[in-house]
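The sequence and structure come first.

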Amino acid sequence: MAAEGLAGLLPAQTQLEYALLDADTPQEKENLVYQYLKKMDSRERDLTVPELSRDLQWLNTEGPISLHKDLCGKVVVLDFFTYCCINCLHLLPDLHELEHQYSDKDGLVIIGVHSAKFPNEKVLDSIKSAVLRYNIVHPVVNDADATLWHELEVSCWPTLVILGPRGNMLFSLVGEGHKEKLFLFTSITLKFYKERGQIKDNSIGIKLYKDSLPPSPLLFPGKVTVDKSGERLVIADTGHHRILVTLKNGQILHTIGGPNSGRKDGRFSEAAFNSPQGVAIKNNVIYVADTENHLIRKIDLELEIVTTVAGIGIQGVDKEGGAKGEEQPISSPWDVVFGNSVSGTQEDDVLWIAMAGIHQVWALMLEGGKLPKGSDLKKGVCLRFAGSGNEENRNNAYPHKAGFAQPSGLSLASEEPWNCLFVADSESSTVRMISLKDGAVKHLVGGERDPLNLFAFGDVDGAGINAKLQHPLGITWDKKRKLLYVADSYNHKIKVVDPKMKNCATLAGTGEASNVVGSSFTQSTFNEPGGLCIEENGRLMYVADTNNHQIKVLDLETKILSMLPILNPETCDVTDNLSVQKDQIANLPKLPKSAPNIQLPSLSAAPGQTIQFLLKLTLPPDSKLNEEAPNAWFITAEDNNTWLLQGQCLSGEIKDVSCQTVIPFQLPRVCLSAEAVLAIKACLYYCSKDSSACMMKGISFNQPLQIGSTNQGRLTQVELTHSFITN
């Protein structure tokens, strides 16, 4: 047993570290590490890592792994991490590169030892999502009670421990930024033990969790924003490494980047991102926090071009800034929002950046101007605005003396008396505010008074520090109601904060991590929602429900929650050209004469209103859908009502009758009549289960519309149900 823990390595490794500082050449460094290993290997008693309990849960493996049996003859890197921690995330590219260079056949195995900070991170499903989100391809063990962490006396995330082929501890590396040492120590350890015949080349049972997942339109969407008109959404489809621009009915207008990660400017078809998060849109320009590329990108929707406006593509350590954006290294930007400089003459002349990687809030000057307590700045300059760079929950009248802990969400309240930036400070589990008059940083809700205590989390509604949050990632300001909405990510809830009273209460979510669209906000559930936004008119809120791979829509007036369908152009025929549409309509399938025609009650609607038709069809007993046939829904209108169809998604596939098919429809902004009728039709091909007979069946629903001027922007859902009977 390793009674001494990591402390037993300290004397010898400290000597080695000092000697390496004086070494001039790579050969000298390699010789020093080689001599160190000879000394450690000849110890009377190994510093042996304890065996892991067989009861622990594993990911990316065919079953539990024994450190002393399965990994005997391997050099092992134990990565003690927790998935909320930005420093742990910064280490992953180094580990990816290391495992690309050396495989288990070469004798190297990396094991992620997940040692949770937050209660939500102890749950296996939460860790599964993180393993997928961050593309972790080595085995990960859920050490929920941090047993090995305590036995080895680990004290910091991340910590790497390098083991020899007998489970003997050789090195430890604490914190991020030790790539050179990691590669040096690992390569020489492999060489040292290969020379002694102690390295085995057997494979260990890797079974990647990501290989079992079905495809989905979105993958871990991190953030979402809506333009000023309320008509277009911008979605950071983080897991697909792309940005989507959609209409409010979910119809995709632009796909930029993806599906693989990369770093490339240029046309939409060739541009590449790496796990983008925050997005901000004004007119036809979008700014993107390209998080794992450590860049801020600019998307021009008119020119269909992507450019880089800040960052150099390498993680920065500079905590001051001040260079031109494209020359200024930055670190893991997580959110972006437009704002105004103190002296600027143009609106939205500053892009505020939540710089999670160095625990600060930065500014990119989109025009020349001045920041609170700052001097005049030229256009294009990128620099720190608030935060010392120390990971703290420290409030201060001087912005540079304040401390943040992985700020991950920003929202602007430019009107008086607020005139501030609200900050979702994830690792301190607080919401903070930065005055845009003088830069003062103040507390709003969550956390506690000790600035060094980053463990004051929970799920408690209340005021000020009596309210408790758990790792909030997103935040948005409701101008209409003067309220703040918070994605309380690890509590799987949306909270509402009254900044005047400093009161925080649950708006939506039960606290359970699941995917239920309930009859009310508080009966519905989320799974680590990461971002949210609200329409200018205060009606609809959009939530990036990250681990459910969805955008949820909350109607704040009717209290109805729904899911935004993502409609690909290739699977949804959409055109603004009426003559083309008439051809499309002519080519739609004809329903059998026996198809029932169901008359629906008249629906009151307004120009621009979104209607979701929820189609649920039931097949006769002992029959099954013929999945090879063109099962489809389609929308039609009589000649005098064809204006309804302009710009609509006219048809789509029906792939599964066991669940609802969502059919989106948005009334045109300009309606040519106060009364109209829409027909929603479906055509199914199904067979008896013994395949003795196959048939085609159809159904038509007629939806009369009474079009008035009220309820504009409201989302209405209409259920369309029908059971087919056996002939």
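In this predicted model, R384 has a relative accessibility of 8%, under the 20% limit, and therefore counts as buried. R384 forms a salt bridge with E320. The two residues belong to distant parts of the chain, 64 residues apart: R384 is in strand β22 (residues 381-386), and E320 is in the loop between β15 (305-310) and β16 (321-324). E320 has a relative accessibility of 45% and counts as partly exposed.

Side chains of opposite charge can pair when their charged atoms come close.

| Salt bridge | N to O distance |
|---|---|
| R384 and E320 | 2.8 Å |
| K437 and E416 | 3.3 Å |
| K493 and D459 | 3.0 Å |

K437 and E416 meet through their side chains.

K493 pairs with D459. Strand β30 (residues 493-498) holds K493, while D459 lies in the loop between β26 and β27 (462-463), so this pair ties together parts 34 residues apart in sequence. K493 is buried, at 10% relative accessible area, whereas D459 is partly exposed, at 34%. Through salt bridges with shared partners, D459, D488, K493 and K495 form one network.

Terms used:
Residues numbered from 1 in each chain as written. Predicted model: local features only at pLDDT ≥ 70, side-chain atom pairs only at ≥ 80, totals over all residues. Heavy atoms only, no water. Salt bridge = Lys/Arg side-chain N within 4 Å of Asp/Glu carboxyl O. Helix = DSSP H or I, 4+ residues; strand = E, 2+ residues; numbered from the N terminus. Buried < 20%, exposed > 50% of the residue type's maximum accessible area, 1.4 Å probe, protein only.
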